[in-house]
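Welcome! Let us walk through this structure together, one part at a time.

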Amino acid sequence: MGRLRRSMLYVPGNNPGMIRDAHIYGSDAIMFDLEDSVSLKEKDAARLLVYEALKTFDYGRTEVLVRVNGLNTPYGRDDFEAIVRAKPDAIRLPKTETPEDVVEADELITQIERQAGMEQGTIQLMAAIESALGVITAYKIATASSRLIGIAIGAEDFVTDLKTTRSKEGIELLTARSQILFAARAAGIDALDTVFSDVNDEEGFIREVKLIKQLGFDGKSLINPRQINILHQIYTPTEDEIKKSIQVIEAAKEAEERGSGVISLNGKMIDKPIVERAYRVLELAKAVDRVSVEEMWQ
Ligand SMILES: CC(C)(COP(=O)(O)OP(=O)(O)OC[C@H]1O[C@@H](n2cnc3c(N)ncnc32)[C@H](O)[C@@H]1OP(=O)(O)O)[C@@H](O)C(=O)NCCC(=O)NCCSC(=O)C[C@@](O)(CC(=O)O)C(=O)O
Ligand SMILES: [Mg+2]
């Protein structure tokens with residue numbers, strides 16, 4: 001199983017306190033933001049702050065990303081120049097619309113890595129898709145660079161581009177979410193969902209996390225530490241799911257030993273994709289809570 005990316009906490013790049021403590025809340029990833037949470041007046045100060053933080057603090061095993069400003073803005077190039085040298089795990093490109101946006105970023109990173117004497121490919125990329133054009137070109141974006149670890153939907157900008165608003169049910173996002181998910185899966189990279197902007201609406205947040213998990217997303221961007229545990233709980237296999245997965249795998253192994261093809265477990269047919277899904281449940285359970293799964297497996 002690849003790296004866990006259930007939760008990615010956005011941290012405004014102009015807030016020293018939040019930047020220092022961002023990893024203590026236990027999200028799988030933190031994402032320092034130089035883009036839309038930072039006002040134009042504070043762009044240079046935020047870039048310097050994030051650069052210094054990356055050079056100074058140890059964020060342990062938490063994956064660290066930085067969302068830069070686009071290369072079509074006056075801040076993008078300076079962001080890349082500073083941030084690549086500070087060596088986060090990955091840079092998130094905002095508002096990606098074409099594969100050329102990714103290639104341009106990839107080539108600039110390659111150039112900076114070379115100038116800084118860094119190993120080529122050190123810095124990974126994540127592309128956020130936040131417009132109708134981006135959704136239409138999602139697969140080309142997802143396959144535009146070997147640095148890409150995932151693509152993400154940015155819903156606030158996306159609904160603005162569509163000339164609509166976000167509803168609680170998310171009907172306006174369904175096609176875009178699906179298309180981004182298909183593109184990511186076809187490209188073999190992660191698919192990340194967007195932020196849920198009302199931190200006080202716990203019920204709405206839970207509904208949305210269940211929806212995106214069911215669609216198949218690997219995880220979601222978050223804006224507040226209060227959202228992390230709720231999301232992790234939903235993304236953690238239950239004891240019942242783990243037990244059933246173990247039963248499926250054991251039944252499949254027994255059937256293989258007997259040389260029998262089709263298996264039935266409690267009246268339900270078990271075939272190859274079901275066994276594959278059972279393994280995936282156990283891998284996820286192991287990744288989030290190794291001890292209890294190993295105990296159950298015995
Ligand atoms: C929402 C709120 C103001 C609420 O503040 P509140 O103060 O009421 O929160 P409280 O819960 O009271 O905080 C309790 C304790 O946690 C600390 N704490 C809070 N938040 C923390 C955090 N994020 N990181 C670390 N620490 C944190 C806080 O400092 C306090 O620490 P302490 O004082 O020590 O107890 C705050 O969370 C916040 O600013 N969020 C980040 C917003 C942001 O980044 N937006 C940009 C990204 S979206 C976008 O751009 C759209 C998008 O592009 C997205 C896409 O691409 O998907 C698209 O198009 O859709
Ligand atoms: Mg956005």
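Which residues of the largest nonpolar core touch the most other members? They are Phe 32, Phe 80, Ile 91 and Ile 151, in a core of 61 residues. A nonpolar core here is a set of buried Ala, Val, Leu, Ile, Met, Phe, Trp, Tyr and Cys residues joined through side-chain atoms within 4.5 Å, where buried means under 20% relative accessible area (1.4 Å probe, protein chains only). There is also a second, separate core of 13 residues, with Val 248, Ala 252, Ala 255 and Val 275 among them.

Before going on, please note that this is a predicted model, in which local features need pLDDT of at least 70 and side-chain atom pairs count only at pLDDT 80 or more, while totals for chains, interfaces and linings use all residues. Residues are numbered from 1 along each chain as its sequence is written, and side-chain values use heavy atoms, leaving out hydrogens and water.

Now look at the strands (DSSP runs of E, at least two residues, numbered from the N terminus). Eight of them close into a barrel, in the order S1-S2-S3-S4-S5-S6-S7-S8, with parallel pairing; two strands pair if DSSP finds at least two bridges between them. From one strand to the next, the twist averages 25°, with axes fitted to C-alpha atoms and angles running from 0 to 180 degrees between N-to-C directions.

Take S6 (residues 148-153) and S7 (residues 190-193) as an example: they are parallel and share three bridges. Ile 151, met above in the core, has Ala 191 in S7 as its bridge partner.

Methods: Chains are lettered from A and ligands numbered from 1 in the order in which they are written. Buried means under 20% relative accessible area, exposed over 50%, partly exposed in between (1.4 Å probe, protein chains only). Helices (H or I, at least four residues) and strands (E, at least two) are DSSP runs, numbered from the N terminus.
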